[in-house]
Amino acid sequence: MTIALVGGPNAGKTTLFNALTGDRQLVGNWPGVTVEKKSGVWTGDSSVRILDLPGIYALTPYTPEEGVTRRVLTGQRPDAILNLVDGANLERSLYLTVQLLELGIPMVVAVNRLDVLEKRGQALDTALLSDRLGCPVTALSAAKGQGVDRAGKLALAQARSGTPPRPVSIFSQRVEQALEDIGVLARSVLPREGRAFYLSKLFEGEEEAQKALGAGLALRQRIDLVVSACEEDVNDDRVERIAAERYAFAGDLARRCLTKGRGGRSMTARLDRVLLHPLLALPAFAAALLGMFWLSICLVGGWTETLMATLFRGKWSLLGRELLGVVPLLDYALSRVGCPDWLTSLAVDGVAAGVGTVLTFLPQLASLFFCLTFLEGCGYLSRGAYLLDRAVRRLGLSGKSVVPYILACGCGVPGVLACRTIRRESCRRLTVMTTTFLPCGAKLPVIALIAGTVFPGGWWVAPTAYLAGVGAILLTGWLFGGSRWFPPGDTPFLLELPDYRLPGLGDLVRGTGRRVGEFLRKAGSLLVLASAAVWFAASFGWSQGAFRYLAGGNLECSLLAGMGELLEPLFAPLGWGDWREVVAALTGLLAKESIVGTLAVLCPGGLPECLLVPAAALSFLLFNLLCAPCLAALGAIRQEMASPRHFWLTVGWQTGLAWFVALGVYQVGSLL
């Protein structure tokens, strides 16, 4: 048995999915958390599979994740639908419900956020709602676990019985007559299952439904005659008429089933008077983002960087005893067991030094991830998208682009995947193209390394890095928005503004732990491989007429030096006078944090060995922040672009822009 969770964005489907399956999928108080279907086994019955589908407002797909939900429901047809309805926004949520009823799939309506209704002093008449919808209705609070088991059991009972919802009269008499006429004309192509759904889509003239049914030109023309006569009688457009009558039914039903609550403004309304104020909104949003970066990079980084460096590479005293850091301790242990010199060098100077240097910045990353999780959970993330929509729309972007940008500050991959919630294709691709300009968590160690070694006490380095990313986004939108690559268009901006809520400590810990865990998994795989590869290329080369291990650390004869010197002329105008910097930048294509690990392997004495002057250091930093991202993010970009031309345009533009920005910074900085 398969039960599909279907509902609007931010209705609480993933929370319910976790409660039913015992899974730990990401939960956030913002729309677009789920962009792909997820599957799990119900803890109450191991023979039942639960599908968590992306949130949709209607069964008309405008975005890729909405298309996923539509294809599952119409193509795979699960055994039952558990329609999760947001009780705090009942009228809007029921608009989707009345469309799901037309599919003819056994269904249970679960009204979520029962706890919110109780706080408002509202009561829900589930019996009346069930009678009018023609299917079972239950109330629950997914976040608190109230009524979850009952909803699952009701859905399973419906799936086993195979009983579709009772037909409900939604449309006016004139529209119903037109639908009946279409049913007669299209009886040869209409399927038995979901007949009412396809009738309404043929009435609307939806091309996707026409293609799915194989409706020929002659049939479409006869249907158009029927619909045109109906439009003339009701004096309204076909699509708008269907939508208006569905909303009228949903609104009347919501008013009948839900009693009025207490008067007065809610906490969300009071906060939005300030946070969405015409004058205060943008400064408040900017202050929130700057505060997040200051907390993670300056405050936490300021007092933990030395501590973590000592933990990994230094020595400290505890109760009068001198203790070794991780890297010196590993060196001591391997020497005691008589490990060969080359193996000791690989483990200590290669893997441990590279990975350890990156892990030095783990507290900063964890604090940044914690702040991002809090912004998502409290409901403020959606407000940022709403606030900036008008400004970025002129550049061919959308307010929904803001959500991927903020997520990309944690990791570029989920940031790119979040672009699926953007309806217009050209806007979605332009957002994908620019998302990785903003420094992600993997680039944070590079920022901290430059700020801590070349500009001691340089608090301004991190804000400059993020402002450079914003500038690159604005420039790209100005140049490419509205071009033939990204043609202009006007798509309605639809976004859920959820109620503010204080995220639970467990949600914050899990969200932060998930992101930190992903970073550590990368450190345990890609970084180890990158550090080992860099060590090998730096430790072997041609010496005295033979290819051998360079025991004396003669880097100038290594394979790595040869490759770096070959590419050095390309980067010399940017101020990089040392092949080690070139090699470090190249390893950043594997993983951006590898840049720090590579420099740790090639410069045991620290970054000053590379003789980076301030202008060259900024040039090096900006190039690595703006150029093509790591392989994982490139894979996500390739997938979301769904166009080789757009993918290679993105890679070429990002790399070219990074080179010219670094060139300008170094040349102008040298003059100053």
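**Notebook: loops, sheet and helix contacts**

I began in the loop between helix H10 (217-234) and helix H11 (238-257), where Asn 235 is found. Helices (H or I, at least four residues) and strands (E, at least two) are DSSP runs, numbered from the N terminus. For the record, this is a predicted model, in which local features need pLDDT of at least 70 and side-chain atom pairs count only at pLDDT 80 or more, while totals for chains, interfaces and linings use all residues. Residues are numbered from 1 along each chain as its sequence is written, and side-chain values use heavy atoms, with hydrogens and water left out.

**Positive phi**

I looked up the backbone of Asn 235: phi is positive, about 55°, although the residue is not a glycine. Buried or exposed, I wondered about Asn 235? Asn 235 is exposed, with a relative accessible area of 70%. My cut-offs are under 20% relative accessible area for buried, over 50% for exposed, and partly exposed in between (1.4 Å probe, protein chains only).

Next I went to Ala 642, in the loop between helix H29 (631-641) and helix H30 (644-671). I noted a positive phi of about 55° there, and Ala 642 is not a glycine. Ala 642 is exposed too, at a relative accessible area of 59%.

**Helix H8**

I then checked how covered helix H8 (residues 195-204) is: 8 of its 10 residues are buried. I listed the buried residues of H8 as Phe 197, Tyr 198, Leu 199, Ser 200, Lys 201, Leu 202, Phe 203 and Glu 204. Which helices do the buried residues of H8 pack against? I found helix H2 (64-76), H3, helix H7 (173-185), helix H9 (207-213), H10 and H11. Contact here means heavy atoms within 4.5 Å. Just after H8 sits Gly 205, with a positive phi of about 80°.

**The sheet**

I traced an open sheet of 6 strands in the order E2-E3-E1-E4-E5-E6, with mixed pairing. Two strands pair if DSSP finds at least two bridges between them. Strand E2 (38-41) and E6 are the edge strands, each pairing on one side only. Neighbouring strands are turned by 25° against each other on average, direction ignored. Axes are lines fitted to C-alpha atoms, for helices over the stretch in contact, and angles run from 0 to 180 degrees between N-to-C directions.

I followed strand E1 (residues 2-7) to strand E3 (residues 49-52): they pair in the parallel sense over 4 bridges. Ile 3 stands opposite Ile 50 in E3. H3 packs on the sheet and touches E1, E4 and E5, and its direction makes about 165° with that of E4.

Strand E5 (residues 107-112) got a closer look from me: 6 of its 6 residues are buried. Met 107, Val 109 and Val 111 point one way from E5, while Val 108, Ala 110 and Asn 112 point the other way. On one side, 6 bridges join E5 to strand E4 (residues 80-86), and the two run parallel. Ile 81 stands opposite Met 107 in E5. The chain gets from E4 to E5 through helix H3 (residues 90-101), in a right-handed β-α-β crossover. Right-handed means that, with the strands pointing away from the viewer, the path from the first strand over the helix to the second runs clockwise. E5 also pairs with strand E6 (residues 137-139), again in the parallel sense, over 3 bridges. I noted Thr 138 in E6 as the bridge partner of Ala 110.

**Helix pairs**

For helix H15 (residues 341-359) and helix H24 (residues 526-539), I read axes that come within 9 Å and cross at roughly 135°. H15 and H24 are therefore oblique to each other. The classes are under 35 degrees for roughly parallel, over 145 for roughly antiparallel, 65 to 115 for roughly perpendicular and oblique for the rest. On the H15 side the contact includes Trp 342, Leu 346, Val 351 and Val 358, and on the H24 side Leu 527, Val 528 and Trp 535 are among the residues.

How do helix H25 (residues 559-571) and helix H26 (residues 579-587) cross? Their axes come within 8 Å and cross at roughly 90°, so H25 and H26 are roughly perpendicular to each other. I noted Leu 560, Gly 564 and Phe 571 among the H25 residues that meet H26, where Trp 579 and Leu 586 are included.

**Thr 431**

Last stop was Thr 431 in helix H20 (residues 425-435). Thr 431 counts as buried, at 0% relative accessibility. Leaving out residues up to four places away in sequence, I found Thr 431 touching Leu 397, Ser 401, Pro 404, Tyr 405, Cys 419 and Ile 422.
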